[in-house]
Amino acid sequence: MKKLFDIVAMIAAALMLLAAGAAQAQPPAPAASAVQSNLAPHPAPEQPLPYSHKTHVGMGLPCQLCHTHPAPGQQMTFPATATCMKCHATLVTDRPAIKKLAEYAKSKQPIPWVRVYKVLPGVTWTHRKHLDAGVQCETCHGTVGDLDAMSETTAVTGMASCISCHQARSVSAACIVCHAWPAK
């Protein structure tokens, strides 16, 4: 009987070791947005040119290659037409959208992109402070790299999202942090 118990104990120990090894070998789950998804669908606005973040992020292009945050850093910029043309002067130049892009570049006109996320009136907010604090773009904007057409997939402009994120990071959520007082 003792021999049977020893065999069962060894098998159980081996199974536990295998399970522990398998758990450690699992790749980490992808970073999810810390901001809640929008409850209602927000269709992508019509843009002057089709643009797929999925395609461009899939090639390994970082957000900051196209989107910069010049001083004072409230909003990220849209890419300059010249930035797009660095690649598209030679890549897929036969496509209608790239031909239209080349027309914008030739005329030295900026592409009139439609902003997807808008800072609400009464909110004093800056990308710079968040980026300087190490907040990643995906934290607020979700998995943009999965989108062919950019849309407002997260509730990042909702006050509850801001407060919960600040509380989770032990950052002040006092009204004055995001709202000028007295109102301007």
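What follows is a chat about a predicted model of one protein chain.

Visitor: Hi! What is the secondary structure of the chain?
Guide: Hello! This predicted model comes to nine helices and zero strands. Along the sequence, the pattern is α-α-α-α-α-α-α-α-α.

Visitor: And what pLDDT does the chain average?
Guide: The average is 82, and 80% of the residues score at least 70.

Visitor: Which elements have the lowest and highest mean pLDDT?
Guide: Helix α1 (residues 2-25) has the lowest mean, 46, while helix α5 (residues 96-107) has the highest, 96. There is also a stretch to treat separately: over residues 12-32 pLDDT stays under 50, and the model has one contact beyond four places in sequence for those residues.

Visitor: Okay, new topic. Which residues of α4 are buried?
Guide: In helix α4 (residues 81-88), the buried ones are T81, C84, M85 and H88.

Visitor: Why do they line one face of the helix?
Guide: Looking down the axis of α4, its buried residues fall within an arc of 100°, so they line one face. As background, an α-helix has 3.6 residues a turn, so residues three or four places apart point the same way.

Visitor: What covers those buried residues?
Guide: The cover includes α2 (53-58) and α5.

Visitor: And which exposed residues are on the face turned away?
Guide: That face of α4 carries A82 and K86, both exposed.

Visitor: Let's move to H130. Where does it lie?
Guide: H130 is in helix α6, which spans residues 127-132.

Visitor: Why does H130 count as partly exposed?
Guide: Because its relative accessibility is 24%, and partly exposed covers the range between under 20% for buried and over 50% for exposed.

Visitor: What is it in contact with?
Guide: Leaving aside neighbours within four places in sequence, H130 is in contact with W125, V135 and H166. As for G73, it is 57 residues from H130 in sequence, with their C-alpha atoms 10.0 Å apart in space.

Visitor: How many of the contacts in the whole chain join residues at least 24 apart?
Guide: Counting contacts between residues at least 6 apart in sequence, 72% of them do.

Visitor: What about the surface, how much does the chain expose?
Guide: About 13200 Å², with carbon and sulfur atoms supplying 67% of that. Buried residues make up 23% of the 184 residues.

Visitor: Which residues form a nonpolar patch on the surface?
Guide: I176, V177 and W181 form one, and together they have about 370 Å² of accessible area.

Visitor: Where is W181, and is it buried or exposed?
Guide: W181 sits in the segment after α9 (175-178). W181 is exposed, with a relative accessible area of 72%.

How values were computed:
Residues are numbered from 1 along each chain as its sequence is written. This is a predicted model: local features need pLDDT of at least 70, side-chain atom pairs count only at pLDDT 80 or more; totals for chains, interfaces and linings use all residues. Side-chain values use heavy atoms; hydrogens and water are left out. Patches are made of residues with over 30% relative accessible area and no salt bridge: like charges are joined within 9 Å, nonpolar side chains (Val, Leu, Ile, Met, Phe, Trp, Tyr) within 5 Å. Accessible areas come from the Shrake-Rupley method with a 1.4 Å probe; for residues, only the protein chains shown count as cover. A salt bridge is a side-chain nitrogen of Lys or Arg within 4 Å of a carboxyl oxygen of Asp or Glu. Helices (H or I, at least four residues) and strands (E, at least two) are DSSP runs, numbered from the N terminus. Buried means under 20% relative accessible area, exposed over 50%, partly exposed in between (1.4 Å probe, protein chains only). Contact means heavy atoms within 4.5 Å. pLDDT is the predictor's confidence in each residue, from 0 to 100. The arc is that of the directions from the helix axis to the C-beta atoms.
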